[in-house]
Amino acid sequence: MTASNLCRGLLNRRAYAVALHAGIVMFVICISPPSASSDGIPAPNGPFFDVPVRWCVVEGSPALVSGADTDALLLLRLAGATWNIYNPDPNPDSFNRPGSNTLIGLSSRIPNQRNPFQRIADPCPPSANCPGELGDILDEMPFRSDEEDAVISACRAAWRTNLPDNTGIIAVNVRRLVGRSGAPTGTLGVTAMPYACNAIISANICRDPKITNPGDMAAVILTDASFTGSSDDFLVAHEFGHALGLGHGDGIDNNGNGVFDECCDPSEIDTGKSLMSAGNGSLTITELQQEVARAIAFVTPGTRYETLAFHPGPSPQKVEPLPPRFDKIIPSLTKENFSCGPNTITYSASAGDNRQGNGVRCVKIQNIESMPHLTWYGEGQWQGQTYRHIGEATPGCADRPLDFCGAAADIHGNGESFNNNFPGKIIGFKATNGNWPAPNEIRISGAWNEVWNKVTAINYVPLLRPTTCGSNFDEYAVSDLNNRRQGAGIRCVLRKGSSPYTTAWFGNGEWEGRTYSHVGIFRIGHAISGTIGGGVGGASDLCNSALGQFCNNFRADSLRFTSICESEGEGRPRRRFRGFKVQGAWSEVWDFGPDGPCAIER
Ligand SMILES: [Zn+2]
């Protein structure tokens, strides 16, 4: 039997049993996209989601005791949650795992990716200010403690440094969570959720969880299993339930308003029990909870789709729910939640004069043929009037003290209040604190009067995604070049006169139901072999749940643009510009709506 037959077929219990008796460990992977429901998330009875987990263990944790197979211990914790809680086996004699289950598995060894645990230091080893023993983390219920933040940051940093290509939810195995006295607080787990647990900030996500862009934002801290005993499966399942987007609650939309539970509808009265109940939890995972968890699993980087049959689980065991109030959600994301992601630098913008207002800027500095180029995406509001723009700047200003100067224009037609164009080199940039390419503060002068301050994240609620560019841009409608991907989008290219020139563009849309936004640089009319009237470019995804779910970076000149020109009329046909064929790092077609002469190199 081939893998594809297995993928297409139903669970094949006998094939699994044979493989098991033969001592063969098999994984069958369905690489082709799973059967999708209309909203893009694989159907509820569809494939099993293997969600990768990246463990760290803090020095002093019993999981590091000499002679222990730490990776195996950690894997077992995930397997316990997976097979005893998420996908319980109603028949202990069968290898099959059907029934009302989530079809979500947690693992540090998903097919094609091994995530060996990372050992990290205790951020605050025992001392006068740091209670407890080595490996203990200070907990200050109900608020997050600095040490909880620090241990999550240290784990994320270890993975980014040591295994930057690996993916998965961050999980930290600590010794215990303790109070100021050094005694355990009763908190056994802490989770930073993949989106802000806030019904206002996350209003869109609450109605459509698959627009979440979790990146590596979700993180759990777990008390070592030696201190959680028979409830460990429950603890692990509950904490990763948060990491998969579930707030505390009964998992029921009690008031029928389309959103439910702690993070999305805090006004609801908890009328029952579920895995996610804050107190007196049960093993119930409701259909709504399954939907949300599967949506977040779907968009979690690294998640694999597989057939279910080839997942051996540990033998089922009795699971004791934990006592009430044993964990918490870190509220940090409700305070600071907007960031442009790793491909651009996030700045917060304020006025250099007395105007009220704020905004965000996603800034990219890159060298192209030894010339630094600054491109950016910005949005926000001045005195309640919203704006959205992109711009491009280079050195070589008439006013020498400036570091960069350039042009920008407002994107308009999606509810924005402003529709201005700032052509030429009339917006100036100077680093007033720190150095390029990422100064801490930038002063904007000339046509604008702003101050940009570098931040890791900012409390900012983004505008809704645009669907049109407005009059300052050449607007293109986008589709896949070979019709392999379903999806559509727009590209807004900042207009600058006659080519050749270098400019910025903004793009957004969706592929296969997953959204993206990016800011790009386009060298129009740049001669490349075999092309007449085209150019080269690159783009960086803006990685934020409101802006899009993709988070890729395509370096300058990794895209090749070829003009599409069509002949029109008889005799001496007129050549009409239809758009661009874009190849290289992408394959897509940019369709230019109105007539355009092909004589102009675009
Ligand atoms: Zn909880």
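Helices here are DSSP runs of H or I with at least four residues, and strands are runs of E with at least two, each numbered from the N terminus. With that in hand, let's begin at helix H6, which is followed by Gly245, a residue with a positive phi near 95 degrees. This is a predicted model, in which local features need pLDDT of at least 70 and side-chain atom pairs count only at pLDDT 80 or more, while totals for chains, interfaces and linings use all residues. Residues are numbered from 1 along each chain as its sequence is written, and side-chain values use heavy atoms, with hydrogens and water left out.

Helix H6 has twelve residues, 232–243. From first C-alpha to last, H6 reaches 16 Å, close to the 16 Å expected (1.5 Å times one less than its number of residues). Twelve of the twelve residues in H6 are buried, meaning under 20% relative accessible area with a 1.4 Å probe, protein chains only.

Now look at the zinc ion. Its donors (N, O and S atoms within 2.8 Å of the metal, or 3.2 Å for Na, K and Ca; water is not among the atoms, so sites may look incomplete) come from His238, His242, His248 and Asp327, at 2.0 to 2.4 Å. Along the chain, the donors follow the spacing H-x3-H-x5-H-x78-D. Because His242 lies in helix H6 and Asp327 in strand E12 (residues 327–329), the pair ties together parts 85 residues apart in sequence. His242 counts as buried because its relative accessibility is 0%, and Asp327 counts as buried at 5%.

Notes:
Buried means under 20% relative accessible area, exposed over 50%, partly exposed in between (1.4 Å probe, protein chains only).
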